[in-house]
Amino acid sequence: MIELRHLQTGFDGRVVSRDLSLRLEKGRLLTLIGPNGCGKTTLLRTLARALPARGGEILLDGQPLQSYRRRALALHVAYLPQSREVPDITAEALIAHGRFPHLGFSRRLSERDRIAVEDAIHLAGADGLRHKSLKTLSGGERQRVYLAMVIAQETGLVLLDEPGTYLDIGSRFEVMEIARRLCARGAAVVMTLHDLADAMAFSDRICLMDAEGVIRCDGSPGQVYDSGLLEQVFGVAVQRVTLPEGQTQYCFLPRHV
Amino acid sequence: MRDLSFPRQRLFRALPLLLLLVMAASLCLGSAGLSLSELYQGLRDPHSAAYRILFYARLPRMLGGLLAGASLAVSGALLQNVLNNSLAGPNVIGVNAGAGLGTLIVMSISPFAVQWMPMAAFFGALLTALLIYAVASISGASRTTLILAGVAISSIINAVSACIKTFFPELSLSYATFSVGSLANTTMDQVKWAAVYALPALLAVMLVRHDMNILALGEETAGALGLPVRAYRFLLICLAAVLAGAAVSYGGLIGFVGLLVPHMARMLFGSDHRIAVPASALLGAISLLLCDLLGRTLFAPFELHVGIVLSVIGGAGFIFLILKRKGGRLS
């Protein structure tokens, strides 16, 4: 899978994170959390090779990330950036673009490609949207369609940058469910989130970064809570609540209330 | 799931027929009208009067219009895709002006060096396009700023062109026609030399057009899907410059086809570039030939240059685009 060794990230000549070491596992949902500007997105973009690593190394299946050709990389790593264009094409056409790295010179979809697209549409619950133009979809529907595109790419690693931002709570939960389903099929999913409650509720593993871009805590949501570092890094109070049904929930409150 | 389902497929299939009609009309109509039978005779019999009218005046003009219309429209579609800006067009951002300057420089050295003009025009167009692209990517300029930068660059290039005109007064007359954009004095030689560049470029665009759909998803998404974004953009810019250069080398600064026709194509057939690009080529040829036809029949025996007709129609169309853009529905 993917391994980071003493990775240094940054852009425009600026260092964001100095020394990141991580191993990502298949079938697990890892969420990066941290205050604004801590380098979550920069890390994600470096993993997607949208930014060059400034030092250290990233190994994908044992090979250095930069040794992959663009197209070969796209067969292993899918990346959904936060800001995207919204072209006037149908949802189905967009989802089919997820097959781009698999296509030959004629750029025609094979039977195998069509199956992957259908499967992605199904997994993302985008069946009713397929013939609608992206322009006419709501934010939540659009996100679902973009997720389906990434799923159709059929990669072992999926990177999602702020997949829940600007969505209402129902759509946000749906996005998280889709990410979970993707994990259940064996993909390693890494996402950045601003909403800590979502991060705690849906992740297998959380990396908490501080404002200096250092990973302060790396573990299950319970371990991150127990470390007490959430309070310190974000300056908020955190409460663990066990619901009558036995589920664990985390509440985030202003510190002095 | 069909690969190519798009609205108005029937209309799309009718476009080649429509083009043939306009081509025939373009050969028949003019200061001396030809009937269809005279047209047929003229094409067959080298001793008829119709033959001379056709081969010395109408045919070069018609082929010139065909090639320039298709080239400019496709050039516009490419630039709009590369710059991710629906208000980009070879005339708007100064690519045509750059091509014009290239042509003018060759003209001032030797007015008969017809074979060099498309190449000079290509280099002028390419340099301008790369300059705009550099401004866009370095400054991260917004879409509107990009257009303003293009206007500024065109204005500088036009000033240099005007300088050359001052030093070579004998060019004044031909430059006047050139700067408006006209097919009136197009010769077969000019069209041939332009076609040497434009036809391979058009073919290349047809071969690589699918990936324009990927580029339209935005730089990051396209890169994540495995498109070599920089190389592909550079290729498209070069092709856009070859096409604009070829058209400008004999047609002069024909405006608006490159801006408006790609919009027309997308409005009619959707944003899938596999359809929109060939549709742009066909619609570009049709509209340029129609405008030329209008120009020479509307006030006959006076003849308006095609550039003038286009400025009227295109200016109105441009305002329409601006208003439509305000509604946020412009694709």
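**Terms and values**

Author: Across the interface of chain B and chain A, two salt bridges are found by the rule. This is a predicted model, in which local features need pLDDT of at least 70 and side-chain atom pairs count only at pLDDT 80 or more, while totals for chains, interfaces and linings use all residues. Residues are numbered from 1 along each chain as its sequence is written, chains are lettered from A and ligands numbered from 1 in the order in which they are written, and side-chain values use heavy atoms, with hydrogens and water left out.

Reader: What makes E220(B) and R45(A) a salt bridge?

Author: The closest N and O atoms of E220(B) and R45(A) are 2.5 Å apart. The term asks for a side-chain nitrogen of Lys or Arg within 4 Å of a carboxyl oxygen of Asp or Glu, so the pair qualifies.

Reader: How many residues does each chain give to the contact?

Author: Chain B gives 21 residues and chain A gives 28 residues, contact meaning heavy atoms within 4.5 Å. About 2,300 Å² is buried between the two chains, 58% of it from carbon and sulfur atoms; buried area is the accessible area (1.4 Å probe) that two parts lose on being put together, summed over both.

Reader: Why is S280(B) called buried?

Author: Its relative accessible area is 1%. Buried means under 20%, exposed over 50% and partly exposed in between (1.4 Å probe, protein chains only), so S280(B) is buried.

Reader: Which residues does S280(B) touch?

Author: Not counting residues up to four places away in sequence, S280(B) touches A73(B), A77(B), V261(B), P262(B) and A265(B).
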